[in-house]
Amino acid sequence: MSQAAPVRTADAAQARLLLDVSLRMLLNLLMHAPRSARQVTEHLDMDIQRAYYLLRKLERVGIAEVECEPGAGGQVPKRYTVAPRWFIPYEVTRAETLNAFVEAQIMPRMERFVGLSVELLQQHQPTWGFWLETEGQATNLRMGDAKAPANALFTGDEPFLLNLGTARLSRANASELKRRLVAVLEELESMESPDADVYTVAVMLVRGNVG
């Protein structure tokens, strides 16, 4: 079994950038493999000046390290890499509580997720509403038009799913559901391709009614 990569502990300057939601895709890219500024532009669809600006910003605070590889004509293009494991103490961030962390890190991503979902829904039907109905022991909230919930969109070939519901499960069954969900997510990670489309995946299983 291969050993896990060593952990780096962030200081305050590094924490600000490591927790910056807008830099998450860039950090993910550099954590997986060294990339040049040109490669960053190709993968993240940004202009070259923006890529250089962000890479130098990460380099200045010691997050990104530079590797040089000889190229054609004696040129030595810089490639930037970021350590794959970081511990960011609360004491070096402004998020000194879990509530502050959720507000700064989780909520912006959830808002983006909802925004993308609404955009896709509007492409299929300009007039939508909510359907709240029981199915067996569960009560589910779905979107749809005046005729019916958009089950064809949620369960059809379109790679899109948005559902908020409840289920009455024993602790054993809830644990089994969690195990299966984790296994699916781990399987999906093994299928990732740097050049493929990006999808947002959000999974939440919480004991208690949050509706």
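Does H2 pass H3 in a left-handed or a right-handed crossing? The view of H2 and H3 below gives the answer.

**Figure 1. Overview of the chain.** This is a predicted model, in which local features need pLDDT of at least 70 and side-chain atom pairs count only at pLDDT 80 or more, while totals for chains, interfaces and linings use all residues. Residues are numbered from 1 along each chain as its sequence is written, and side-chain values use heavy atoms, with hydrogens and water left out. The chain holds 7 helices and 7 strands. Helices (H or I, at least four residues) and strands (E, at least two) are DSSP runs numbered from the N terminus. Their order from the N terminus is β-α-α-α-α-β-β-β-α-β-β-α-β-α. Of the 211 residues in the chain, 21% are buried. Buried means under 20% relative accessible area, exposed means over 50%, and partly exposed lies in between (1.4 Å probe, protein chains only). Among contacts with a separation of 6 or more, 48% join residues 24 or more positions apart. A contact means heavy atoms within 4.5 Å.

**Figure 2. Helix H2 against helix H3.** Two packed helices are described by the angle between their axes and the distance between the axes. The axes of H2 and H3 come within 11 Å and cross at roughly 125°. That makes H2 oblique to H3. Axes are lines fitted to C-alpha atoms, for helices over the stretch in contact, with angles from 0 to 180 degrees between N-to-C directions. Angles under 35 degrees count as roughly parallel, over 145 as roughly antiparallel, 65 to 115 as roughly perpendicular and the rest as oblique. H2 passes H3 in a right-handed crossing. A crossing is right-handed if the near helix is turned clockwise from the far one by less than a right angle, and left-handed if anticlockwise. From H2, Met25, Leu26, Leu29 and Leu30 meet Val40, His43 and Leu44 of H3. This contact has 6 nonpolar residues, 1 polar and no charged. Ala, Val, Leu, Ile, Met, Phe, Trp, Tyr, Cys and Pro count as nonpolar; Asp, Glu, Lys and Arg count as charged; the others, Gly among them, count as polar.

**Figure 3. Helix H2 against helix H4.** H2 spans residues 24–32 and H4 spans residues 48–60. Their axes come within 12 Å and cross at roughly 70°. H2 is therefore roughly perpendicular to H4. The crossing of H2 with H4 is right-handed. Leu26, Leu27 and Leu30 in H2 meet Leu54, Leu55 and Leu58 in H4. By class, that contact is 6 nonpolar, no polar and no charged residues.

**Figure 4. Helix H3 against helix H4.** The axes of H3 and H4 lie 9 Å apart, at an angle of about 115°. The two helices are therefore roughly perpendicular to each other. Their crossing is right-handed. Ala37, Arg38, Val40 and Thr41 in H3 meet Ile48, Ala51, Tyr52 and Leu55 in H4. The contact has 6 nonpolar, 1 polar and 1 charged residues.

**Figure 5. The largest nonpolar core and Val40.** A nonpolar core is a set of buried Ala, Val, Leu, Ile, Met, Phe, Trp, Tyr and Cys residues joined through side-chain atoms within 4.5 Å. The largest one has 21 residues, and Leu26, Leu30, Val40, Leu58 and Ile63 touch the most other members. H1 (12–18), H2, H3 (37–44), H4 and strand E3 (78–82) each supply at least two residues of this core. Beyond four places in sequence, Val40 is in contact with Leu26, Leu29, Leu30, Arg35, Asp45, Met46, Ala51 and Leu55.

Figure 6. Arg35 sits in the loop between H2 and H3. Arg35 is buried, with a relative accessible area of 14%. Not counting residues up to four places away in sequence, Arg35 touches Leu29, Leu30, Val40, His43, Lys78, Arg79 and Tyr80. Asp45 is found in the loop between H3 and H4. Asp45 counts as exposed, at 73% relative accessibility. Most residues other than glycine have a negative phi. Phi of Asp45 is near 55°, a positive value.

**Figure 7. Gln14 in helix H1.** Gln14 lies in H1. At 6% relative accessibility, Gln14 is buried. Leaving out residues up to four places away in sequence, Gln14 touches Arg8, Thr9, Val61, Gly62, Ile63 and Trp86.

**Figure 8. Leu185 in helix H7.** Leu185 belongs to H7 (residues 171–190). Leu185 is partly exposed, with a relative accessible area of 32%. Setting aside neighbours within four places in sequence, Leu185 is in contact with Val201 and Val203. Leu185 and Val201 are 16 residues apart along the chain, with their C-alpha atoms separated by 8.9 Å.
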